[in-house]
Amino acid sequence: MAPSIGAKVVLLREDLDRLIAELRERGYVVIGPTLGEGAILYEEVTSSGDLPAGWSDVAEAAAYRLQEGADRRLFGYSLAAQGWKRHLYPPRQRLFLAERAGRGFRLSSGEADGAPMALLGVRACELAAIQIQDRVFTKEGFTEPGYAGRRRAAFIVAVECGRAAATCFCASAGTGPAVGPGYDLLLNEMIDGDAHRFLATAGSDNGAAILGGLSCRPPTAAELSSAAAQPAAAAAQQQRRISADAAGVLTRAAESPHWEAVSKRCLTCGNCTMVCPTCFCTTVEDITDLSGDIAERWRQWDSCFTIDYSYIHGGSVRQSGAARYRQWITHKLASWHRQFGSSGCVGCGRCIAWCPVGIDITAELHALEQAEQVSKGGDNGAD
Amino acid sequence: MAETRRPKLAVWKFSSCDGCQLSLLDCELELLAVAEAVEIAYFLEATRTVGKGPYDLSLVEGSITTPHDVQRIGEVRRQSKLLVTIGACATAGGIQALRNFKDIKGFIDRVYAHPEYIEALATSTAIADHVTVDFELRGCPINKNQLLELLSALLNRRKPNIPTYAECIECKTRGTVCVMVAKGEPCLGPVVQAGCGNLCPAQGRGCYGCFGPLGNLPNTAALTAQFAAMGMDRRDIQRRFRSFNANAQAFRKESEAYDD
């Protein structure tokens, strides 16, 4: 009988190649973790040989290093340097091309849709981030067609975390480490002595159909409980946390002197926004060739940390680093709720690891919270 | 458009290595289109034929280092409707502005058999320190794509798309892994204007700052504090800021903070 949604089977290590081959057979470009430039990168993979077998990542504020792990785990790392955003919402996209034709001009639309993508190795926080971007880009009446098309066509293979990096805080952000609904397939990687296998769970009809094609055996009770223990282990390792009242703290902290303190350290380089899996801001530029016969409109990633981002008639609104950092963290953790119905932070910790000077969103929030406690305490003392 | 007069272009050289002018000749395939779109009236590196001014657009390479330069840049400005500086020399004083931190007389006495023949200013300075500049193209050398973009924008009367954000954004959009975070390699990228095309980081090297400081007073002190935390000594930190853009205000200030 064909498996249905929720069905669980066991894939052996070698079955992963059958899964990748099956996805490719169905026309997907499979994007998964690879090794490159001293980091995990999400790039096209054609077999399990492309995956970072035995490699793990160690992340701290302003530091990310690969190290060889104790076993040959394929998904033994926590996160790639950048998320899936660059595949679902590429850094540069051509919106249209206009060519002079007689006294008028001819328009052609942006770029042809590429092949559908299968995203292999999506973490709980990353799936949550994709779902946040879904709300951003497909909000009623404001659908971004490029993103919507790529997203609709995408097949998601989530892989649950069995460990956490020092920068992870998904447990307190409420997005992980257990993978929530929204995947097509969920994998739990398990190594026990020489036995290297995956518990696979179907999360969609499409996922169930693919599992059916692989004809694998059902899991044992021991395998089920081993997989179920993984997210709890990853949660227990998390050292950072984000306050449940982040929105409240930031809303009350608009005039905090702490912003000046952060701006002494902040480079305003924009790295945090580039690696953030939910940051979505872009700018649009028009280009022409020398003759003026061809014009193109391009959209590219932008950041609220650039001076031009807030440029309006008369100059940029947010001149200081203090104003720009406040804008970013307040939007991410507070005003995002009003705009999109949730926090904009999924707790992946990339902004902490990839900040060249290690500014830590959880530490800055904590400092603001402490300052608030102290000033409340001061008020009480004065009564 | 065919019947309208083509704008006259002039290319001027001051103290420089000629690399930025060469970027125009390096346009290769696009060079024909450039020659069609503008009348290259004065460009000694390409031709001895000299077309008379005034010029619609002057590209100025090089820094001001002699009394003669001072007089000549004034003349160039008078002859030019638009004056655009090309490269780190013209925009910040160039590598030769290292003299600004020392006593020029000492160099002249040491280098020349007859120092009395040398007429040089004590400093190497940017064109904008002497005349009004309409636009500055950064880089050592400039990026030919930026040059073509600027020419296209001027010819089509639109805003040039020359980014003012940090080199980090070029890394992230290209997908280059941060060398500072993943390798502990010191990198000027966070305080440097993008535009080179991500040359060094894409090769796993830290940014050397060829495109000069971010326009809006970059937080160089926060970056050098991080360099120190990574184990760089004060002299090495100072040297990072003493290269092609040593005399750009933000870099000069930061390097002077590391004077012993």
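B:P54 sits in the loop of chain B that runs between β2 (39-43) and β3 (55-61). Helices here are DSSP runs of H or I with at least four residues, strands are runs of E with at least two, and both are numbered from the N terminus. The peptide bond from B:G53 into B:P54 is cis, with omega near 0°.

Before I go on, the conventions. This is a predicted model, in which local features need pLDDT of at least 70 and side-chain atom pairs count only at pLDDT 80 or more, while totals for chains, interfaces and linings use all residues. Residues are numbered from 1 along each chain as its sequence is written, chains are lettered from A and ligands numbered from 1 in the order in which they are written, and side-chain values use heavy atoms, with hydrogens and water left out.

Back to chain B. Another cis peptide bond joins B:C140 and B:P141, with omega about 0°. B:P141 lies in the loop between β5 (135-137) and α6 (144-155) of chain B.

Next, phi. Most residues other than glycine have a negative phi, and most peptide bonds are trans. B:N198 is not a glycine, yet its phi is positive, about 65°. Is B:N198 buried or exposed? B:N198 has 1% relative accessibility, so it counts as buried. Buried means under 20% relative accessible area, exposed means over 50%, and partly exposed is in between, with a 1.4 Å probe and protein chains only.

In chain A, A:E37 also has a positive phi, near 55°, and is a residue other than glycine. A:E37 is placed in the loop between β2 (29-36) and β3 (39-44) of chain A. At 37% relative accessibility, A:E37 counts as partly exposed.

Staying in chain A, A:A253 is in the loop between α8 (246-252) and α9 (258-265). With 8% relative accessibility, A:A253 counts as buried. Which residues does A:A253 touch, leaving aside its neighbours within four places in sequence? They are A:W259 and A:L368, where contact means heavy atoms within 4.5 Å. A:R326 is 73 residues away from A:A253 along the chain, and their C-alpha atoms are separated by 9.2 Å.

One helix of chain A, then. The buried residues of α4 (residues 145-153) are A:G146, A:Y147, A:A148, A:G149 and A:R151. What do the buried residues of α4(A) pack against? Their partners in chain A are α2 (85-88), α3 (124-137) and β9 (155-159).

Chain A has 13 helices and 15 strands. Its radius of gyration is 23 Å, close to the 21 Å that the globule rule gives for 383 residues, so chain A is as compact as a globular protein of that length. The radius is taken over C-alpha atoms, and the rule is 2.2 Å times the number of residues to the power 0.38. Of the 383 residues in chain A, 55% count as buried. Among its contacts between residues at least 6 apart in sequence, 70% join residues at least 24 apart.

Chain B has 12 helices and 5 strands. The radius of gyration of chain B is 19 Å, close to the 18 Å from the globule rule for 260 residues, so chain B is as compact as a globular protein of that length. Of those 260 residues, 53% count as buried. In chain B, residues 24 or more positions apart account for 73% of the contacts with a separation of 6 or more.

Last, the interface. How many residues of chain B are in contact with chain A? There are 37, and they meet 42 residues of chain A. The area buried between the two chains is about 3000 Å², and carbon and sulfur atoms give 57% of it. That figure is the accessible area (1.4 Å probe) that two parts lose on being put together, summed over both. On the chain B side, B:K172, B:V177 and B:V181 supply 22% of the area that chain B buries against chain A, more than any other three residues.

That is the end of the walk-through.
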